[in-house]
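Please keep the sequence and the structure in view while going through the points.

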Amino acid sequence: MPQVRIPRDARAWIEVDHAALAHNVREMLRVLSPRSALMAILKADAYGHGAASVAPTLSWSGASAFGVATIEEGIELRRAGIPQPILVLGYVQGRDSVHALAHWKLIPTVCSPGHARELADDLENLAERGLLSPASLPLEAHVKLDTGMSRLGLHWSEAGRFARCLREIELIRASGIYSHLAAADSPDASSLNEQRQRFEKAAAEMQSLGLSPCLLHLANSAATLADRSLHYDLVRVGIALYGIYPARHLTGRADLRPALAIRSRLSQVKDVPQGAGVSYGGAFVAPRRMRAAVVPIGYADGVPWTLSQRLEVIVRGRRLQQLGRITMDQLVVDLGPVPDARPGETVTLLGRDGAEAITVEDWARLLRTIPWEVLCLFKSRLPRVEVGVLEEKAGARTPARTIEGREPKAAHPGRHAARSRRRASVPAS
Ligand SMILES: Cc1ncc(COP(=O)(O)O)c(C=O)c1O
């Protein structure tokens, strides 16, 4: 367990290891194609790690840009002083949203010609009313193609129509073309290869129609680890930055370290007499006199009720079994392996303590879900404690790679085609 000063009275907390985050960024840069840059995905409060606090560490260690799901998440980063490009991956609509995009210099995802026209109409309206600074126009946007995921984006076969429409819209400047992979975590690469071919064909068509130079990006963590030829100009990496392999067969492609731990402290320690029920409903009955302890964390903090009687915790480097039902704010553990444990001692629910570790993947297996969802479980009631921050800042900074757009292979004259190779703009905070 890293040495860290926990607020003395904290009953339970999320520990975020910034040294691990920095290490993971550098590992992903190590596997990255030399001409590609890293976009760190910070949606859902950086997968539960705290977006505003982890973003500086990620950029310090080499992330060039950030991706979020919503405008609010982007604004939170700007308010925290993050100057790098921020792409909003989710759907945006409405005049207030468009105003916020322009004001905070956030890059929206545009997912169809109709969507582009709506955004442009809102921009025009705001501009006419003097509500936009001239510098915020044209609004930079990334175009999203659906190459097989059937989620957000225009069907790849309509890329040409999309490009022609965007050429006519002066108020929006498409500076990126991207798509999302549906099965990059599968050892069978056939779906991925099909999506790659569609993406390359559609992107080439769009670029030949004047959408260039544009950043091309397709890879999530799994694709980044799986195949360098998928890296293009940018990779959008989420789960791997938080130290979790997106698939078992990709384990070891980079040396990833989990950055999140969930810890608490033993509160009351007691003897439970033989035959006594433990917690609601007496779902567990003590088969003998038992030494037990209450741990002040429960499902309101994000420890799922469905883990009742299957959860394990670590105290003094020993695994303990949780007894009976997990309740809203508390749970009970069997102190059998450490009968002399005392109130106040640290309890690890997720993370490492000595030779023992309980991983996000362990919980995902127990819960029959995916590690992504496990990371999103923990609620605002738990304070975050950052470890490894000072050590990290004292370490060498890794310069972020410059993001550069690709020239089309065969440029046709068009509104954007004559532009020289362009660096991604770095918005002011
Ligand atoms: C569009 C998009 N790109 C990239 C990512 C990052 O994925 P991962 O966490 O698997 O790296 C996500 C996450 O869901 C996403 O929705």
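1. Residues are numbered from 1 along each chain, as its sequence is written. The model is predicted: local features need pLDDT of at least 70, side-chain atom pairs count only at pLDDT 80 or more, and totals for chains, interfaces and linings use all residues.

2. On overall dimensions, the C-alpha trace of the chain spans about 85 × 50 × 45 Å along its principal axes.

3. The chain contains twelve helices and 21 strands. Helices (H or I, at least four residues) and strands (E, at least two) are DSSP runs, numbered from the N terminus. Of the 429 residues, 49% count as buried. A residue is buried if 20 or more other C-beta atoms lie within 10 Å of its own, exposed if 12 or fewer, and partly exposed in between, with C-beta atoms placed from the backbone.

4. Strand β6 (residues 139-146) deserves attention. Eight of its eight residues are buried, so β6 is largely enclosed by the rest of the structure. In a regular strand the side chains alternate between the two faces of the sheet. On one side of β6 are Leu-139, Ala-141, Val-143 and Leu-145, and on the other Glu-140, His-142, Lys-144 and Asp-146; all are buried.

5. What are the partners of β6? Two strands pair if DSSP finds at least two bridges between them. Seven bridges join β6 to the parallel strand β8 (residues 172-179), where Ala-174 is the bridge partner of Ala-141. Strand β5 (residues 109-110) also pairs with β6 in the parallel sense, over two bridges, and Val-110 has Val-143 as its bridge partner.

6. β5, helix α6 (residues 113-128) and β6 form a right-handed β-α-β unit. A crossover is right-handed if, with the strands pointing away from the viewer, the path from the first strand over the helix to the second runs clockwise.

7. Is strand β11 (residues 260-265) buried or exposed? Six of its six residues are buried, so β11 is largely enclosed by the rest of the structure. Leu-260, Ile-262 and Ser-264 point one way, and Ala-261, Arg-263 and Arg-265 the other. β11 pairs in the antiparallel sense with strand β1 (residues 12-17) over five bridges, and with strand β19 (residues 346-353) over four. Val-16 stands opposite Leu-260, and Ile-262 opposite Leu-350.

8. The residues around the ligand include Ile-41, Leu-89, His-180, Asn-220, Arg-236 and Pro-246. A residue is near a molecule or strand if its C-beta atom, placed from the backbone, lies within 6 Å of it. α9 (221-226) and β10 (234-237) each supply at least two residues of this shell. The shell divides into seven nonpolar, four polar and one charged; Ala, Val, Leu, Ile, Met, Phe, Trp, Tyr, Cys and Pro count as nonpolar, Asp, Glu, Lys and Arg as charged, and the others, Gly among them, as polar.
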